[in-house]
Amino acid sequence: MNILLFLCLLLRKHISNVKIANIIPYGNMAKEFSTRAENYSQWYNDLVIKADLAENSAVRGCMVIKPYGFAIWEKMRDVLDGMFKDTGHSNAYFPLFIPKSFFNKEAAHVEGFAKECAVVTHYRLKNSEDGKDIVVDENARLEEELIVRPTSETIIWDTYRNWIQSYRDLPILVNQWANVVRWEMRTRLFLRTAEFLWQEGHTAHATKEEAIAETKQMLDVYADFAENWMALPVMKGTKSPNERFAGAVETYCIESLMQDGKALQAGTSHFLGQNFAKAFDVKFLNQQNQQEYVWATSWGVSTRLMGALIMAHSDDNGLVLPPKLAPTQVAIVPIFKSKEQLEKISEKAVAIKKELQAKGIKVKYDDRDTYKPGWKFSEYEFKGVPVRLAIGPRDLENGTIEVARRDTLEKEIYQQSDIANKVEHLLDKIQNNLYQRAFSFREDKTFKADTWEEFRDIVENKGGFVYAHWDGTPETEQKIKDETKATIRLIPLDDKREEGKCIYTGKPSERRVVFARAY
RNA sequence: CGGGAAGUAGCGCAGCCCGGUAGCGCGCUUCGUUCGGGACGAAGAGGUCGCGGGUUCAAGUCCCGCCUUCCCGACCA
C-alpha cells in the first residue's frame with residue numbers, strides 16, 4: 001500500500017491539474033464485503049449492514065432502520081409526498097387495527113392476505129400465578145379479533161361510505177404514510193420484512209374513466225420518481241391475473257432490473273373498479289339522481305425501494321447513491337498534521353462548504369481529528385457519498401482541491417475558483433451517469449425469445465427481461481413458473497400488437513409479454 | 001412452514017469431539033509518535049459463552065426444549 005501511495009504522489013506531481021484516471025482500488029474492501037460476482041445476496045446483506053442502513057431487530061422479520069438509512073427513505077418520502085400534493089392529494093391517517101369481519105367482505109382480497117395476517121386477540125396482561133412472569137390475561141379476550149393491517153382498503157372503504165353521498169363529494173384523493181404488517185416466512189432487510197413502511201393512496205371517483213386515469217397518473221408519478229430521482233429505469237405495464245393485487249380489476253406496475261439480472265417490482269397502482277364499493281356499500285347519487293357505486297384506485301410504494309436503490313447502483317466497494325437522494329452529497333476531508341494547519345485549511349474548506357450550501361447542496365465538512373483521512377475516504381466510499389473533496393497543505397499553496405466521484409471512482413484535481421459550480425455540474429453528471437449505466441445494463445439484459453429452448457436458456461443462463469409470446473392463460477403462466485421460476489413481470493403498456501405463438505403451448509398470441517425471475 | 005448451517009467481549013472467530021483457571025484478531029480507553037487511500041508502539045478496559053431446563057462434585061463443552069440469524073425450498077411486495 002505504501003508503494004502505491006508513493007506512485008500516486010509521483011503521478012500527481014507530474015500531471016497535476018490533469019485527470020488521474022482510476023483511483024487505487026482498495027484491497028481492504030475484500031475483507032469486509034462479499035463481491036457481487038462471488039455471492040450476490042451476501043453482498044447485498046453485507047452492504048446494508050456496513051453502510052449503516054438497517055439491521056435486524058430482536059423481533060423476527062422486523063428491521064431497525066438506522067439513521068443513515070432512514071435519511072434516504074425520508075428524502076424519498078418527502079419527494080414523493082410533494083409529487084402527491086402536486087397531483088391534488090392530501091394525507092390522512094387510518095387505524096393500524098382492522099376488525100376481522102372487514103376482511104370477509106371482498107372475497108379475492110381476503111384470500112390474498114389471509115395467510116399472512118397478524119391477529120390481536122387480547123387486550124391485557126397480568127402477573128402469572130407465581131408472580132415471576134407476565135402472561136396474557138385470558139379473561140381479556142377481544143369480542144372481535146383485530147387484524148394488524150396488511151393494507152388498508154377495507155378500513156378505508158368502510159370509512160368512505162360515510163364520507164360519500166353525492167357526486168359533489170367526489171373525487172376523494174387521499175394518501176397515508178404508514179407501517180403495515182405481512183407475516184413473511186422468509187425475510188430480507190428492506191426487500192421483504194414482516195413490518196415495512198409505505199404509502200398507500202386510496203381514491204374514490206364518480207366514473208370508471210376518471211378512476212383509470214388516476215391509476216395511470218400515479219403510475220407515471222412513480223415512474224418519474226424512479227427514473228429522475230432514483231436514477232432507476234423502469235418498464236411500465238399491467239400485471240397478469242396471477243400477479244394482480246387481490247381485489248383489483250387491473251394492476252399497473254413499474255418493474256426494474258437489478259444487477260444480478262432479477263426483476264424487482266418498484267411500485268404498483270391498482271384500478272379497483274367497484275369491487276370495494278360493492279363490498280362496503282359505498283354509493284353516491286349522480287347528477288341524474290340515481291344511486292351508483294363509487295369507482296376506486298389504490299397505489300403504493302414501500303421501503304422496498306431502498307432495496308432497489310441499493311441493488312441497482314452499488315458496487316463491490318459499497319453503496320452508490322444518486323446525488324438527488326444522498327443525505328450527504330459532498331463530503332469535505334481536510335488533510336492536516338497540526339492544529340495550526342487544520343485551522344488554515346478549515347478556513348478555506350468552510351468557505352467552500354458555504355459556497356456549496358448556497359447552491360442547496362448537502363455538504364459535510366469532516367474536520368474530526370479522531371479519524372485519519374484514509375479512514376474517512378473509505379467510510380464515505382462505502383456509504384455512497386457521491387462526491388468527496390480533499391484539501392490539504394499542497395492545495396492551499398496551489399489553489400487546488402482534489403475531487404473524487406463515487407460512481408466511477410475517479411479522482412481529479414480542480415482549481416478552487418468557481419468550485420461550487422463545478423461540483424454542482426459534477427453532481428448532475430453523476431446522477432445522469434447512474435441512470436445511463438443502469439439503462440444500458442437493462443438494454444443489454446433485455447431479450448426476445450421465440451422458442452421454449454431459447455427462453456429457458458436466457459432465463460437460466462443470462463437473466464434479465466425476456467419478451468415472449470404467451471397464450472394468455474394463468475395455467476400456462478403457472479407452468480412456465482414451475483419449470484423456470486420466471487414469471488410475467490408485466491404486459492407492456494404500449495399497444496404493440498404482434499402475431500405469434502406462445503413459447504410454451506404454441507397457441508396463438510397477439511402480443512409479447514415480459515418475463516423474468518423476480519424478487 | 002419443511003431441509004441444512006450458525007449463535008462465545010461492540011464486530012469477526014478459536015475453544016466443544018475428549019467436562020475442571022474464557023482466548024485470539026479487529027474495534028474501544030489512555031499516552032506518545034503519525035496524518036495526501038482504513039498508521040505504529042506501549043499500557044489498559046471489556047464476558048449471565050443466545051434463552052430455559054436436565055445430567056454431573058463440576059457444563060462454553062454432554063442431553064432435551066425454545067429463540068434468533070443465514071442458505072435452499074413452498075408462500076409473498
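Lys359 is partly exposed, with a relative accessible area of 34%; buried means under 20% relative accessible area, exposed over 50%, and partly exposed in between (1.4 Å probe, protein chains only). This is a predicted model, in which local features need pLDDT of at least 70 and side-chain atom pairs count only at pLDDT 80 or more, while totals for chains, interfaces and linings use all residues. Residues are numbered from 1 along each chain as its sequence is written, chains are lettered from A and ligands numbered from 1 in the order in which they are written, and side-chain values use heavy atoms, with hydrogens and water left out.

**Salt bridges**

The side chain of Lys359 meets that of Glu424 in a salt bridge (3.5 Å, N to O). A salt bridge here is a side-chain nitrogen of Lys or Arg within 4 Å of a carboxyl oxygen of Asp or Glu. Glu424 lies in helix α14 and Lys359 in the loop between α11 and β18, so the pair ties together parts that are 65 residues apart in sequence. Helices (H or I, at least four residues) and strands (E, at least two) are DSSP runs, numbered from the N terminus. Glu424 is partly exposed, at 27% relative accessible area.

By this rule there are 31 salt bridges.

Asp158 and Arg161 both belong to helix α7 (residues 153-163), where they are 3 residues apart, about one turn of the helix. Asp158 is buried, with a relative accessible area of 15%, whereas Arg161 is partly exposed at 29%. In the pair of Asp78 and Arg77, Asp78 is partly exposed at 47% relative accessible area, and Arg77 is also partly exposed, at 27%.

**The sheet and its helices**

Five strands form an open sheet in the order β18-β17-β19-β20-β21, with mixed pairing. Two strands pair if DSSP finds at least two bridges between them. β18 (363-365) and β21 (410-415) are the edge strands, each pairing on one side only. From one strand to the next the twist averages 20°. Strand β17 (residues 330-334) is parallel to β18 over 3 bridges, and Ile332 stands opposite Tyr365 in β18.

Helix α11 (residues 339-358) lies across β17, β18, β19 (387-391) and β20 (400-405), at about 170° to β18. Helix α14 (residues 419-444) lies across β17, β19, β20 and β21, at about 10° to β20. Axes are lines fitted to C-alpha atoms, for helices over the stretch in contact, and angles run from 0 to 180 degrees between N-to-C directions. Contact means heavy atoms within 4.5 Å.

**Nonpolar cores**

A nonpolar core is a set of buried Ala, Val, Leu, Ile, Met, Phe, Trp, Tyr and Cys residues joined through side-chain atoms within 4.5 Å. The largest has 59 residues, of which Met76 and Phe190 touch the most other members. Helix α4 (residues 67-86) gives the most to this core, with 8 residues. Domain 1 (2-25 + 321-441) and domain 2 (63-98 + 155-313) both give residues to this core, so it lies between them; the domain bounds come from an automatic or database domain assignment. Apart from this core lies another, of 29 residues, including Ile156, Trp157, Leu272 and Ala296.
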